[in-house]
Amino acid sequence: MKGQYYTILALIFAVIVAIFAISNAGPVDISFLYWHYSISQALVILLSAAIGAIIVGTIGLFGQIRYSVTIRGLNNRIKELEKEKEELNQKVIELQNYKLAEEKTKEQSDAKEEAREKGTQTL
């Protein structure tokens, strides 16, 4: 939705620039270093607006590429961290199972020892 607003604003601005250029269609002298030209002021206005749009579009494209690369890197990092999390969860489960087995073995040995003590007390 936000992109549509920018597109509409860009079109409105383009129409305003076009109307301004047509309203100022007289000849104008342009000097740049050693070159001197006499061309329509409307053409100068439209070319200036077009060159500005190209520059802004190029800068925006580089920004978008930079953000895409950053997002791709962050997504790869997320995948690595999720994989590491899963491995750590597996280790936690293994340690819990090991601890439960150890406790069960200890309980069994304690029960056997109690049974021996009872057996020796009755004798």
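Which residues gather in a patch of negative charge on the surface?

## The negative patch

In this predicted model, the residues that come together as a patch of negative charge on the surface are Glu-102, Glu-103, Glu-107, Asp-110, Glu-113, Glu-114 and Glu-117. One of them, Glu-114, belongs to helix 2, which covers residues 41-122.

Glu-114 has a relative accessibility of 49% and is therefore classed as partly exposed, since that class lies between the limit of under 20% for buried residues and the limit of over 50% for exposed ones.

## The salt bridge

The count of salt bridges comes to one, and the partners are Glu-80 and Arg-77, whose closest N and O atoms are 3.5 Å apart. This pair counts as a salt bridge because the rule asks for a side-chain nitrogen of Lys or Arg within 4 Å of a carboxyl oxygen of Asp or Glu.

Both Glu-80 and Arg-77 are located in helix 2, where they are separated by three residues, or about one turn of the helix. Glu-80, with a relative accessible area of 48%, is partly exposed, and Arg-77 is also partly exposed, with a relative accessible area of 44%.

## The annotated domain

An unreviewed UniProt entry places the feature "domain: Lipopolysaccharide assembly protein A" at residues 24-86. In the model, the chain over residues 24-86 is 73% helix and 19% strand, and the C-alpha atoms at the ends of this stretch are 68 Å apart.

Methods: Residues are numbered from 1 along each chain as its sequence is written. This is a predicted model: local features need pLDDT of at least 70, side-chain atom pairs count only at pLDDT 80 or more; totals for chains, interfaces and linings use all residues. Side-chain values use heavy atoms; hydrogens and water are left out. Patches are made of residues with over 30% relative accessible area and no salt bridge: like charges are joined within 9 Å, nonpolar side chains (Val, Leu, Ile, Met, Phe, Trp, Tyr) within 5 Å. Accessible areas come from the Shrake-Rupley method with a 1.4 Å probe; for residues, only the protein chains shown count as cover. Lys and Arg count as positive and Asp and Glu as negative; His and the chain ends are not counted. The place of a charge is taken as NZ of Lys, CZ of Arg, CG of Asp or CD of Glu. Helices (H or I, at least four residues) and strands (E, at least two) are DSSP runs, numbered from the N terminus. Buried means under 20% relative accessible area, exposed over 50%, partly exposed in between (1.4 Å probe, protein chains only). UniProt positions are given in the numbering used here, feature names are shortened, and annotations may be inferred rather than shown by experiment.
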